[in-house]
Amino acid sequence: MSSVIEKSPATRVAPVATLAETGVQAAAPVVEQQQEQLTDGFHLVIDALKLNDIDTIFGLPGIPITDLTRLAQAEGMRVISFRHEQNAGHAAAAAGFLTQKPGICLTVSAPGFLNGLTALANATVNCFPMILISGSSEREIVDLAQGDYEEMDQLNAAKPFCKAAFRVLHAQDIGIGIARAIRAACSGRPGGVYLDLPAKLFSQTMEAEAGRRSLVKVQDPAPRQLPAPDTVARALELLKGAKRPLILLGKGAAYAQADTEIRELVERSGIPYLPMSMAKGLLPDTHVQSAAAARSYVLAEADVVVLVGARLNWLLSHGKGKTWGAEPKKFIQIDISPTEIDSNVPISAPLVGDIGSCVSALLAGMGSGWQKPPAEWTGAIAQRKDKNLSKMAQTLESKAFPMNFHGALGAIRKVVQERPDAIVVNEGANTLDFARSIVDMYEPRKRLDVGTWGVMGIGMGFAVAAAVTTGKPVIAIEGDSAFGFSGMEVETICRYQLPVCIVIFNNNGVYKGTDVNQTGGADPAPTVFVKDARYDLMMTAFGGHGVTATTPDELGRAMREAIASGRPTLINAVIDETAGTESGRITNLNPTRAATKK
Ligand code: ADP
Ligand code: TPW
């Protein structure tokens, strides 16, 4: 499997001096024969990745990794070349989430590395396995700060932002270096890993057979971790005594790919469940036990909450305060990371292990005669759900002109219902908050969004990764501001002819488009954009299909056409610029607004 340097179009003839070092005579015919037995750093990196079933690189070429991208393509890897490293990095992270294999982002040194670092940090915060591989400059010059081309101490810069960081200095260590990176990214709580590959490494040669032997196939990168039996018994005991139990599914549960076990846990226990945004679709959002439409009620009223791959961070009000009601809750928490337990509030029954194993153990302990939760609890939830859903149904029929968020999302909701296999990417403020609650998901891992940080800029990177790793249609629902962070990748989407339909919620600005410069000066207010911008023309500029939609019907029609054709499409959905609120649903975190509200 190990490739030799002569195989590729970008052949580097190993210098005679190098061959001489390996003990080879310099006579021409012998050299040729011997060259066939050499490999180099470029090929070893590619071979090491391929040996570990990694078949795609997301990146951006330049010194010193341009040849690496060419050679990887020549050696049969898929190389997706982006316009900005941050988007390549977000793509790698999303690929990691979707496949459980670390997504690879490849960048050049210093600025390219830093551009990728945001994505690496975001992957780590979200527990997605990803490896950022960056070329770097001459160690001797960097360490003496003598001013090399794109000089930077990347290894140390990366460390605070990732789970692990490694540097490889010798070709014979590439195999073990990549193996360590893969294991660090995937095992335990997944996360981002940085791998520093100095320019000199790539041209180092070694004997091909020794190179082959130096490669490492990682055995079981994320081994199962069984929960201790007494912890399972404790959790079941607590759950049995619950009068108002609730299961809360987080994106860790989606990542774990224990879909059947999770569904069985919910259905056999009869316990209502709430999905966090990226856990939507683990069970269809239309499931009778979904309590999503009665979210505030169940969070406040539940007495025992089973957390499955969800942290009690800001998204869940840290497990305390008004959101969680007057009565103190008891928590059962399933998580692979032992230090997540008790991070905000005391956890009565921790279950430390992988979600598949923990849920299976609970199911085994529950047996067949499990007592379902009292009807007063499930009935009260159903009542609230029905009321809220019928209230929402009316708003979704809105024919307001210009469109508001509900009217537009009502149309999108229907399209997603018809194509449950499509992957939805979603970012923005109002566009995010409304889409999360309005657009039902029906299958696991079909929703990718701004995640734990609420970061803008994941849009096009996530969309590319979703299309490339699954081959399914992708629908990117984007605020106009959010889209701007990665908008240049429409060219990438056109270049690779990916089945991505981007819908821009164009309300002329960040949050909304109505702000004015309070000084009366000529500069626009900081949150407003050019009015009535034609984002659709950005797509036509690169040969894709661009269209403007001003009504829900037009929007639905354009989306259906896009999905049926598989053509890169951008729909400029014109939204009322007065619609929405500043910061969407997290206005309470906005210092001035929060102060005014008090
Ligand atoms: P959400 O934002 O959806 O609430 P979080 O990102 O806060 O979800 O939480 C995900 C949790 O899932 C993390 O604490 C992580 O350690 C955990 N996790 C990830 N993969 C697994 C797994 N395979 N088994 C158990 N826990 C996991
Ligand atoms: C990397 C701050 C949060 S939401 C948002 C910004 C700039 C854009 C909201 O406007 P948009 O959506 O997209 O038009 P909508 O639906 O309300 O009209 N930089 C980063 N991340 C974040 N979260 C911000 C800035 C922010």
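Modeller: For what follows, a salt bridge is a side-chain nitrogen of Lys or Arg within 4 Å of a carboxyl oxygen of Asp or Glu.

Colleague: Fine. How many salt bridges does the structure hold?

Modeller: The structure holds 24 of them. This is a predicted model, where local features need pLDDT of at least 70, side-chain atom pairs count only at pLDDT 80 or more, and totals for chains, interfaces and linings use all residues. Side-chain values use heavy atoms, without hydrogens and water, and residues are numbered from 1 along each chain as its sequence is written.

Colleague: What pLDDT does the protein average?

Modeller: The average is 94, and 93% of the residues score at least 70; pLDDT is the predictor's confidence in each residue, from 0 to 100. Over residues 7-32 the pLDDT is below 50. That stretch has 32 contacts in the model beyond near neighbours in sequence, a contact meaning heavy atoms within 4.5 Å. Where pLDDT is low, the predicted coordinates should not be read in detail.

Colleague: Into which domains is the protein divided?

Modeller: Domain 1 is 5-214, domain 2 is 229-381 and domain 3 is 397-597. The bounds come from an automatic or database domain assignment.

Colleague: What area is buried between domain 1 and domain 2?

Modeller: About 980 Å², with carbon and sulfur atoms giving 52% of it. Buried area is the accessible area (1.4 Å probe) that two parts lose on being put together, summed over both. In domain 1, Phe97, Gln100 and Arg189 lose the most area to domain 2, together 59% of what that side buries.

Colleague: And how many residues are in contact there?

Modeller: 13 residues of domain 1 are in contact with eleven residues of domain 2. The centres of these two domains, taken over C-alpha atoms, are separated by 41 Å.

Colleague: How many salt bridges does the rule find across that interface?

Modeller: One. Glu340 forms a salt bridge with Arg189, and their closest N and O atoms are 2.8 Å apart.

Colleague: Which element gives the largest share of the side of domain 1 that touches domain 2?

Modeller: Helix α5, with four residues. Helices (H or I, at least four residues) and strands (E, at least two) are DSSP runs, numbered from the N terminus.

Colleague: Switching topic: what do Arg139 and Asp143 do?

Modeller: Their side chains meet in a salt bridge, 2.5 Å from N to O.

Colleague: Why are Arg139 and Asp143 separated by about one helical turn?

Modeller: Because Arg139 and Asp143 are four residues apart in helix α7 (residues 139-143).

Conventions: Chains lettered and ligands numbered in written order.
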